[in-house]
Amino acid sequence: MRVYVPLTLPSLAEAHKAGELGSGPLLAYAVTPALREWYVSDDLEELEYAALGRAALASLRLLAAESAAPRRRVVVAVDVPDGAVVAGPGDEGGDEAALGRVRVTVAVPLAKTASVHVDGEDAEADVRAGAQALAAADGGDGAAQSLVDGVEDHELLWFATQEIPNLVGSGA
């Protein structure tokens with residue numbers, strides 16, 4: 001199963017150094033039955049893009065809590081065994097924000113990474129504003145929600161796994 005793990009650049013650097021995304025459980029997003037029902041599409045590519053988008057929002061939440069991290073969302077796409085994934089809390093449809101949320105219960109070697117998705121430098125100002133506005137947006141502030149939504153205007157850039165050292169600053 002393909003899952004999308006939200007990170008920050010510092011946590012990607014830690015994963016690169018350790019050779020694994022983590023020992024589990026890891027928060028991730030995937031195409032779950034609840035996400036399929038909510039998104040109302042049978043196109044797997046569209047559904048995976050929706051799961052990637054949910055992981056990107058989770059990365060923004062990580063950035064809101066990690067003020068020293070560069071203001072760039074990071075999502076790692078990784079393939080894990082189906083049995084290593086359990087639906088996360090709220091994915092059964094009661095909480096729209098939790099749709100697609102899963103827990104990966106096993107260690108995930110970085111070698112299983114299919115790709116890495118990272119904001120370009122041009123997104124940093126909007127990501128900074130969105131991260132700062134998250135708490136207010138969660139409280140119902142429409143102007144703050146507009147800032148959070150504005151981050152989605154930036155497509156995450158695709159990187160191959162061999163580019164991770166350059167992304168985290170340890171490459172040549």
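**View 1. Thr113, with a relative accessibility of 8%, counts as buried in this predicted model.** Thr113 belongs to strand S8, which comprises residues 113-118, and the side chain of Thr113 reaches the backbone oxygen of Leu110 at a distance of 2.8 Å. When neighbours within four places in sequence are set aside, the residues in contact with Thr113 are Val76, Ala77, Val78 and Thr161.

**View 2. The one aromatic pair of the structure is formed by Trp38 and Tyr39, whose ring centres lie 6.1 Å apart.** The planes of these two rings stand at 45° to each other, so the pair is classed as tilted; the reasoning rests on the cut-offs, since planes under 30 degrees apart would count as stacked and those over 60 as edge-to-face. Trp38 is partly exposed at 38% relative accessibility, and Tyr39, with a relative accessible area of 31%, is partly exposed as well. The ring of Trp38 also has the charged end of Arg54 sitting over it, at 4.4 Å from the ring centre.

**View 3. Glu46, a residue of helix H3, touches Tyr39 and Ser41 once residues up to four places away in sequence are not counted.** At 36% relative accessibility, Glu46 counts as partly exposed. For a sense of scale along the chain, Glu46 and Leu21 are 25 residues apart in sequence, and their C-alpha atoms are separated by 25 Å.

**View 4. Helix H5, which spans residues 142-151, has Ala144, Val148, Gly150 and Val151 as buried residues.** Viewed down the helix axis, the buried residues of H5 fall within an arc of 155°, so they line one face of the helix. As background to this arrangement, an α-helix has 3.6 residues a turn, so residues three or four places apart point the same way. The buried residues of H5 pack against two helices, H3 (44-65) and H4 (124-138), whereas the face turned away from the buried side carries Gly142 and Ala143, which are exposed. At the start of H5, the backbone nitrogen of Ala143 is approached by a side-chain oxygen of Asp141, which reaches to within 2.9 Å.

**View 5. Ala13 of helix H1, a helix that covers residues 9-18, is shown together with Val168.** Although Ala13 and Val168 are 155 residues apart in sequence, the distance between them in space is 5.3 Å, taken from C-alpha to C-alpha. Ala13 is partly exposed, its relative accessible area being 27%.

View 6. Of the 172 residues, 45% count as buried, and among contacts with a separation of 6 or more in the chain, 73% are accounted for by residues 24 or more positions apart.

Key:
Residues numbered from 1 in each chain as written. Predicted model: local features only at pLDDT ≥ 70, side-chain atom pairs only at ≥ 80, totals over all residues. Heavy atoms only, no water. Phe/Tyr/Trp six-rings, centres within 6.5 Å; stacked < 30°, edge-to-face > 60°. Buried < 20%, exposed > 50% of the residue type's maximum accessible area, 1.4 Å probe, protein only. Lys NZ or Arg CZ within 6 Å of the ring centre and 35° of its normal. Helix = DSSP H or I, 4+ residues; strand = E, 2+ residues; numbered from the N terminus. Arc of directions from axis to C-beta. Contact = heavy atoms within 4.5 Å. Polar contact = N/O pair within 3.5 Å; in protein donor to acceptor, adjacent residues only side chain to side chain.
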